[in-house]
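Thanks for coming. I will show one structure and walk through a few of its local features.

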Amino acid sequence: MKPKVLVAEDDATIRGLLRNVLATEGYDVVCVNDGEEALRVVDAFQPDLILSDVMMPNLDGVSMVARLRQRGSHVPVILMSSYLRRSPLASVQLVTKPFDIASLLAAIAAALDQRTNCASNPCRASQPLPAPGTSSLRH
């Protein structure tokens, strides 16, 4: 069974690139435009990993992660940003844009491996996440 990756990215060019690269690498990929749309499809798609931009309209990536965690989801998330140099969330990896495809694929593989290792004992954030809608990140 192919690992499932949900991509939340508002830039159509980057979204298309990620869809093509991940599909070529053997992932089952669903792409959405923002964090709200990601939250709507996550239950039906049941991703093994979410790859999300930080700065998106409607709901930014950090607030999306906070809502996922409040719903009890422990799906690994990798955030992407051209503005941040480190992740604002202790349990979430950050990949800076522009990113190297090989490095991004390695980060995805590592996150999926960690998910497998945490399957019987869910990994939890070491610090609380901000309440949904309180993130200062806006597109």
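**Loops, a helix and a crossover**

I start with Gln46, which sits in the loop between helix H2 (35-45) and strand S3 (49-53). Helices here are DSSP runs of H or I with at least four residues, strands are runs of E with at least two, and both are numbered from the N terminus. Gln46 is not a glycine, yet its phi is positive, about 55°.

A word on the source. This is a predicted model, where local features need pLDDT of at least 70, side-chain atom pairs count only at pLDDT 80 or more, and totals for chains, interfaces and linings use all residues. Residues are numbered from 1 along each chain as its sequence is written, and side-chain values use heavy atoms, with hydrogens and water left out.

Asn58 is another non-glycine residue with a positive phi, of about 70°. Its place is the loop between S3 and helix H3 (61-70). Is Asn58 buried or exposed? Its relative accessibility is 54%, so Asn58 counts as exposed. The cut-offs for relative accessible area are under 20% for buried and over 50% for exposed, with partly exposed in between, using a 1.4 Å probe and protein chains only.

One more loop. Between strand S5 (93-96) and helix H4 (101-118) lies Pro98. The peptide bond joining Lys97 and Pro98 is cis, with omega about -5°.

Now to helix H1. H1 has 13 residues, 12-24, and at 1.5 Å a residue it should span 18 Å; the C-alpha atoms at its ends are 18 Å apart, which agrees. That expected span is 1.5 Å times one less than the number of residues.

Which residues of H1 are buried? They are Arg15, Leu18, Val21 and Leu22. Looking down the axis of H1, these buried residues fall within an arc of 140°, so they line one face of the helix. The arc is taken from the directions from the helix axis to the C-beta atoms. On the face turned away from that buried side, H1 carries the exposed residues Ala12, Thr13, Asn20 and Thr24.

After H1 comes Gly26, with a positive phi near 100°.

Last, the strands on either side. S1 (residues 4-8) and S2 (residues 28-32) run parallel and are joined by 5 bridges; strands pair if DSSP finds at least two bridges between them. Val5 stands opposite Val29 in S2. From S1 the chain crosses through H1 to S2, a right-handed β-α-β crossover. Right-handed means that, with the strands pointing away from the viewer, the path from the first strand over the helix to the second runs clockwise.
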